[in-house]
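Please prepare a briefing on the contacts within and between the chains of the model shown here, grouped by topic.

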Amino acid sequence: MDFMQISKKDFQKFVENLIQSKEEVVGVVKKGKHFAYDILEKSEQLCLDYTETILPPKKYFLPVEETLLKYKTGVASSYEATYGKSPKVIIGIHPGDMAAIALLDKSFSEGEKDSHYLNKRANSTLIGIYPTQSFPHRFSNSMIEKDAYKAADCFLVDLGNDYGIEVVTEKGKKIASAMKAVAGEKGLNEKIAQAKAKIKDEVSMPFSRRELSEFLHNKETHAEWKKRAEKCFSCGSCVLVCPTCYCFDVKDTVALSLQEGERKRMWDGCMLEKFANVAGNHNFRKLAGDRLKHRIFRKGKYIIDKFGMAGCVGCGRCSQACVANIASPVDIVQELKK
Amino acid sequence: MKPKVAFFDFACCEGCQLQIANLEEEILGVVALVDLVEFREVLTGHAPEYDITFIEGSITRPEDEERLKDIRKRSKILIAFGACATTGGVNKIKNLRNLETVRKEVYQDDWNKPHLNTAPTKAVDEVVKVDYYLHGCPINRNEFLSVVKDLAMGKVPRIPDYPVCVECKLRENECLYDLGKTCLGPIARAGCAAICPSNKSGCEACRGTVPNPNKNAMHEVLAKRNLTVEAIIQEFTMFAVNPEVSK
Amino acid sequence: MYPEKSIYLPQVATITKANMMTKVDRYFEFELEGGKDLGHKPGQFAEISIPGIGEAPISISSSPNLKGKFEMVIRNVGVVTNALHNLSVGSTVGVRGPYGTHFPMEKLKGRDLVFVSGGIGLVPMRSAIHYALENRKDYGRIMILFGARDITQRLFVDELAAWSKQSDIEFLETVDVGNPDWKGNVGVITTLFSKIKDFHAANTTAFVVGPPVMYKFVIVELFKMDMSKSNIIVSLERHMKCGVGKCGHCQINRVYVCQEGPVFALDAISELREAI
């Protein structure tokens, strides 16, 4: 990994030039009192000093709704695959979200390769940034280890007047040279390490991710699931804001002429009541407690066991989004520990 | 043969039918798919039988029940159309109070005249069998179009059974609870694309609730926002979400 | 552009035979374009679709040895299956697959086989039964146990009749609810087990496919007959929406049924609480 450096002013100039070059550039912007990823129209909109965005950046690779196939209604020979576009550059991804993209990369390329996701992913350069503000629900440090570096092309680290840059990939090298970043002075990597450690997580998982997987073993019948679920709305908010969730529903929609249509996939969530329904209205996860347990096991056990990567990246969005205030994985694990 | 479609209204503001009349370009697509045979708001025709009937409004008088039953007999598919029809809607607030009091309040000296007679409000399915529900106050045009397309293709229409929070999250709205407001989104039925929360206005559950709403949890959440019992009941009352108000 | 073609893009198949088997179950024979084989193994499924209506996972009912075509029996339970029922010979559909695990017929050579199916569970089971009968000398005893809710729910009635007469098959059948026209056994499927004589548990593999409620009872019965978990093979029903291990709808605990199932040895899933 190379360490480089750029002044904040020059970085903004680079972003402005990128926008002017007609490439689609996405970055973190203010949204009311919150933050969101959006297409940048001018560089001033970019806000890298943020707590957390409402939705994670996965929406650019696994859109909320995405057309997979087009067809003429009823004509099986007319099926045709369609591939959406993704931004050229995404700026400002926190390490947790970056680790989540690494997990999505793994899931969509393992076994049957999902070209709809992978095409978009290959098109984008990802510029991360280490958090400059604390977020009360974040516990990424205890979850993600080095996973963020499996997806990031480069990471920015706020050094006051400058950004330190960790250059991770060839794409990262290219973009660092495009922004005219300079090779780091002596001691830059120490300065970067110090700056990265400056913002501490306010909560933390009491286990490493491997320990968590082992801890959850045999916790399936714990009374906490049922008890906690008494307050659950099954509204799906916790999974819809989650950067590592990639479940989807598939639906056909046709034009008003009925002559042509599209097969689309859209985000879905295992916390919603009907998610595990099969024919005959039999539901394999009928109780909210079973669904809550499934979510935590998926985040804390199944994914790490299967892929060796974090199933929960500790971004804290679920805790923030849960109106009933029961979604926090840290709180749940603390209760299970008692 | 295009299916014969009719619209009828009972106690309502006819705002849901207006949504159809206002479809503009898409109305041409709709009439290409279906044969509109009865729709008082836009045309004068009548027909003896219908393939698909949309009923707007709630049922508030005994003679309306008879009229509705007659329409049902002549309809292959009957769809409750809009909040008044699907849940009783705002009209059901009346059922919370004594009927005589309500009549006096509205009609004053004339309250006892026979043509102003009124009965407790009923949703359409409290009087006749309903095949499908198009919820909302008013209905959502896109949902209407998707139901028309589904029926024209012989598909069972997909009516959302998940809460408004889903659509709100997908639009990446700021959660109103994070802005110090209240919202029935966690228990309210979706299908509206979260239009009210998207405009910073709390959801009032005009589409009724999801099939298994966690009302206790909703009470608890609202109580934590320092709402009084009266205020909580009010939150639940607008569209007959309160179990004491709905059937 | 990423070089792989879309995993959601179906092939085209034409319906070459179709007839109602019960009030709700319709039999189909399909032919892929150019008479290609689907290339499945017994127990696998495929995603069948109609453009504009949608896609649904359906078990394959024919043996891989049926060349140039494949068979399915589709129950009308939803939007897609209802639309499939309205299609007739000559119509085309989309096909993705085959997907999922299969009955390990190769590994079971020399063993006794008992096929226990309830209702529509006979549909995937039939692919394994046909395969076993086509390779009859590779296997020991072949026992087929089939239960239907009542006589109107029986599937493949001509084949059931043929199996009942075949001397190298031990065929037992029951209906849950009797009827004056029915001369056979009445009662749930577990009532058939006591009729099996000289059962050698150690040398037998059991296949179990049926409605969700059936598994527990049948498995208890098999345990009573000294069957071990490793010799019991089940096929589980879930809604495999994508078929390729992504969409999450078929997930049982850690397992994606569309990838690691639908066919499982019981010992491989006994720690999965949501499985049965």
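In this predicted model, one salt bridge (a side-chain nitrogen of Lys or Arg within 4 Å of a carboxyl oxygen of Asp or Glu) is counted between domain 1 of chain B and domain 2 of chain B. The partners are B:Glu143 and B:Arg207, whose closest N and O atoms are 2.7 Å apart. The model is predicted, with local features requiring pLDDT of at least 70 and side-chain atom pairs counting only at pLDDT 80 or more, while totals for chains, interfaces and linings use all residues. Residues are numbered from 1 along each chain as its sequence is written, chains are lettered from A and ligands numbered from 1 in the order in which they are written, and side-chain values use heavy atoms, with hydrogens and water left out.

**The two domains of chain B**

- Chain B is divided into domain 1 (4-152) and domain 2 (175-237), with bounds that come from an automatic or database domain assignment.
- The centres of these domains, taken over C-alpha atoms, are separated by 26 Å, and their contact (heavy atoms within 4.5 Å) takes 10 residues from domain 1 of chain B and seven residues from domain 2 of chain B.
- Between them the two domains bury about 620 Å², 56% of it on carbon and sulfur atoms, where buried area is the accessible area (1.4 Å probe) that two parts lose on being put together, summed over both.
- Three residue pairs, both members at pLDDT 80 or more, are in polar contact across this domain interface; a polar contact is a pair of N or O atoms within 3.5 Å, where within protein one must be able to donate a hydrogen and the other to accept it, and residues adjacent in sequence count only if both atoms are side-chain atoms.

**Overall form of chain B**

- Chain B has 10 helices and five strands, these being DSSP runs numbered from the N terminus (helices H or I, at least four residues; strands E, at least two).
- The radius of gyration of chain B, taken over C-alpha atoms, is 19 Å, close to the 18 Å that the globule rule (2.2 Å times the number of residues to the power 0.38) gives for 247 residues, so chain B is as compact as a globular protein of that length.

**Chain B against chain A**

- Here 35 residues of chain B are in contact with 38 residues of chain A, and the area buried between the two chains is about 2,900 Å², of which carbon and sulfur atoms give 63%.
- B:Lys169, B:Leu170 and B:Glu172 supply 24% of the area that chain B buries against chain A, more than any other three residues.
- Four salt bridges are found across this interface, and A:Lys274 and B:Asp161 meet in a salt bridge at 3.3 Å, N to O.
- Among the elements of chain B that give two or more residues to the side touching chain A are helix H6 (141-152) and helix H7 (164-170).

**Chain A against chain C**

- In this interface 47 residues of chain A are in contact with 41 residues of chain C, and about 3,800 Å² is buried, 58% of it given by carbon and sulfur atoms.
- On the side of chain A, A:Tyr79, A:Glu112 and A:Phe284 lose the most area to chain C, together 15% of what that side buries.
- Two salt bridges are counted between chain A and chain C, and the side chains of C:Lys241 and A:Asp249 meet in a salt bridge at 2.5 Å, N to O.
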